[in-house]
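I opened the notebook to look up a few things in this structure, going from the whole chain to single residues. The entries follow in the order in which I looked.

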Amino acid sequence: MGPPSSPSRLDAATDAERSERLKAIGLMLLALLCFALLDTTAKYLSATFAVVQIIFCRYFSHFLINLATTPRRDLSTVWRSSRWPMQVLRGLFMLGATTCNFIAIRYLQLAETMSIFFATPFVVALAAGPLLGEWVGPRRLAAIAFGFLGVLVVMRPGVGGLPWQAIFSVF
């Protein structure tokens, strides 16, 4: 028997792809942890502070973190945009979504708001066809539905009707 052969370029690419996928999974888990911490903090603070104050603190702290972590040489390019009206519209949508989420969190249990939030893949999958031309087949929709049912089993949001404030979570 001869010496073991060296890994081919295909094997090296596969290892690199695996590494990138693991990084992506890790970053996704970290993002979910951050969102869970954000929602939990907002729920805790909403007992004492107004929703507007919580939103201000969220965005101001994010501004400071971005300012501190952006290299100084890139600061001037961060503020430039060739499509500033779209950037403003995107920011207003984000502000609206945050406001609705924090109002919902104030009045609902976190399990209820998260159950509503996990319906998002349905909306994205159904809107992908008409908006992006990326149609989702019945098998993928079934997989999304199955995953959503699993989330509901784990979170047990309750069998009683949701209060009217749940509409904020939907928005």
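**Entry on the chain.** I note that the model is predicted, and I began with its secondary structure, where I found 8 helices and 0 strands in the protein chain. Reading along the sequence, I wrote the pattern down as α-α-α-α-α-α-α-α. I then looked up the contacts between residues at least 6 apart in sequence, and 76% of these join residues at least 24 apart.

Of the 171 residues in the chain, 16% are buried.

**Entry on the nonpolar patch.** I asked which residues make the nonpolar surface patch of about 720 Å², and I listed F56, F60, F63, L64, L67, V78 and W79. Helix 2, which spans residues 51-69, gives the most to this patch, with 5 residues. L67 sits in helix 2, and I counted L67 as partly exposed because its relative accessibility is 32%, a value that lies between the cut-offs of 20% for buried and 50% for exposed.

**Entry on helix 5.** Which residues are buried in helix 5 (residues 110-117)? I found E112, T113, S115 and I116. Seen down the axis of helix 5, these buried residues fall within an arc of 160°, so they line one face of the helix.

Methods
Residues numbered from 1 in each chain as written. Predicted model: local features only at pLDDT ≥ 70, side-chain atom pairs only at ≥ 80, totals over all residues. Heavy atoms only, no water. Patch = residues over 30% accessible without salt bridge, like charges linked within 9 Å, V, L, I, M, F, W, Y side chains within 5 Å. Areas by Shrake-Rupley, 256 points an atom, 1.4 Å probe, with all protein chains shown as cover. Salt bridge = Lys/Arg side-chain N within 4 Å of Asp/Glu carboxyl O. Helix = DSSP H or I, 4+ residues; strand = E, 2+ residues; numbered from the N terminus. Buried < 20%, exposed > 50% of the residue type's maximum accessible area, 1.4 Å probe, protein only. Contact = heavy atoms within 4.5 Å. Arc of directions from axis to C-beta.
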